[in-house]
Amino acid sequence: MTRTLTLAQARRVAIAAQGLDRPRPETVTMRHVTSTVERIGLLQIDSVNVLVRAHLLPLLARLGPYDTGLLDAATSRAPRRLMETWAHEASYVPAAAFPLLTWNRRRWSHMDADAFEAQHPGLLDLVRGIVADHGPLTSREVGAFVETRHARRADEGWGWRWSAAKTALEILFDAGELSPARRNSQFERVYDLTERVLPPRLRSQAPPAPDDAARELVRISARAHGIGTVRCFADYFRLGQRVTRRAIDELVDSGELLPVTVTGWDRPTWLHASARIPRRTTARALLAPFDPLVFERRRLLELFGMHYRIGIYTPAHLRTHGYYVLPFLLGEHLVARVDLKHDRDRGVLRVRSAFAEEAGPDAASAATWPSRADVTRELAAELTIMAEWLGAQAVVVDEDARGDLAISLQSEGAKRFAFTPLCDDRI
């Protein structure tokens, strides 16, 4: 008989699977960082830095304040614990997962290796050789070598205004021949031969067959979700739904996934055999726009009742909640969303908008939904933690901040957490 879970149970499973319900350690170590990434499978990278780089925030949500140098060391010092590759998007993944992803290409039209070779004969070999001889190198540094040795092949305007050298690097990165050895202070990829970036224990391993790799990726995805559908599990690593369903069937046969139904859902759903189903959760976290809990928007809407879009990709006049908006998780609900900016010139964390959410899609949500006063108090506390972690001197709520929580958040913050008015002369 197939087990039935309520929507509230499914929410708590999802939160627990992501490690968002666990107590935060007093002191965060490298082991905490790497085990967290192993649990959730990946950290999505994004270059927008209006608050902080996106891959830093999921660790803050799960571990609390931590030294970001730990993540730098994990991704840039040999032997690397984490490696950059294409997963959900550009992401850091545990080094052991890297070989699972080298077969799943981006398939962007301007990155067709044969078409590129026809237009730029010999350039792929040239770029590969430059990195082999002189790497690790940025695309600008490789471009300078190309211009010196082969100026006629360094034309601009290919792809997303990439130089031909940059496009060659990305094609080789996509093929698994090159990998970022690190990101530099300008957040540029610094490319090297993959064999020099891989930890020694992985260099001699034969790449897994695509079906085996897909099954392992779905296994990771299912564990990170706790509960989900084909669409959920496929989206995590951008797999096709057909290959994902085949992997799900194999994991069901092995007992790792269990078919379940979720009240109100009308499509096949599976529960990971080791997933916890907490009776309650005391989670509290600000979630990045690229946090794994919010990757799949349909799942987010059905589980939490939140219709969420990332404002950075939306024209200003169409943004409903702001530019860089973070959902606020409290207990088992997404109870608010705030538009934040780290104002480095003033040394403050700015709240540009703060909106409360309505109770979620099921009757149980109303019964367990926190009060407005609780939401305001807990949000103010979490913003204070974030500000201290960022090195900001204060949290400020803009005088013209939008949203029904803005005034009460300023009042609560000033009363309990020393929030500072934006016009204060001390700033």
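These legends describe close-up views of a predicted model.

**View 1. An open, mixed sheet of 4 strands.** The strand order is E1-E8-E9-E7. The sheet is open, and its pairing is mixed. Strand E1 (3-5) and strand E7 (227-228) are the edge strands. Each of these edge strands pairs on one side only. Helix H1, residues 7-17, packs on the sheet. H1 touches E1, E7, E8 and E9. The direction of H1 makes about 85° with that of E1.

**View 2. The E8 and E9 pair within the sheet.** Strand E8 covers residues 257-262, and strand E9 covers residues 269-272. The two pair in the antiparallel sense over 4 bridges. Leu258 has Leu271 of E9 as its bridge partner.

View 3. H13 spans residues 241-253 and has 13 residues. From its first C-alpha to its last, H13 reaches 18 Å. That is close to the 18 Å expected at 1.5 Å a residue. Val243, Thr244, Ala247, Ile248 and Leu251 of H13 are buried. Seen down the axis of H13, the buried residues fall within an arc of 140°, so they line one face of the helix. Arg242 and Asp253 are exposed, on the face of H13 turned away from its buried side.

**View 4. What H13 packs against.** Gly255 follows H13. The phi of Gly255 is positive, near 85°.

**View 5. Val48 in its loop.** Val48 lies between strand E2 (43-44) and helix H3 (57-63). Its relative accessible area is 18%, under the 20% cut-off, so Val48 counts as buried. Neighbours within four places in sequence are left aside here. Beyond them, Val48 is in contact with Arg53, Ala54, Ile312, Tyr323 and Tyr324. Ser254 is 206 residues from Val48 along the chain. The C-alpha atoms of Val48 and Ser254 are separated by 42 Å.

**View 6. Strand E11, buried on both faces.** E11 runs over residues 325-330. Of its 6 residues, 6 are buried, so E11 is largely enclosed by the rest of the structure. One side carries Val325, Pro327 and Leu329. The other carries Leu326, Phe328 and Leu330. Both faces are covered.

**View 7. The strands paired with E11.** Strand E10, residues 284-286, pairs with E11 in the antiparallel sense over 3 bridges. Here Ala285 has Leu329 of E11 as its bridge partner. Strand E12, residues 333-343, also pairs with E11 in the antiparallel sense, over 6 bridges. Leu329 stands opposite Leu334 in E12. The hairpin of E11 and E12 has 2 residues between the strands. Gly331 takes a positive phi near 65° in this hairpin.

**View 8. Gln410 in helix H17.** H17 covers residues 406-416 and holds Gln410. The relative accessible area of Gln410 is 19%. Buried means under 20%, so Gln410 is buried. Leaving aside neighbours within four places in sequence, Gln410 is in contact with Val397, Phe419 and Thr420.

Technical notes:
Residues numbered from 1 in each chain as written. Predicted model: local features only at pLDDT ≥ 70, side-chain atom pairs only at ≥ 80, totals over all residues. Heavy atoms only, no water. Pairing = 2+ DSSP bridges. Contact = heavy atoms within 4.5 Å. Axes fitted to C-alpha atoms, helices over the stretch in contact; angles between N-to-C directions. Expected span 1.5 Å × (residues − 1). Buried < 20%, exposed > 50% of the residue type's maximum accessible area, 1.4 Å probe, protein only. Arc of directions from axis to C-beta.
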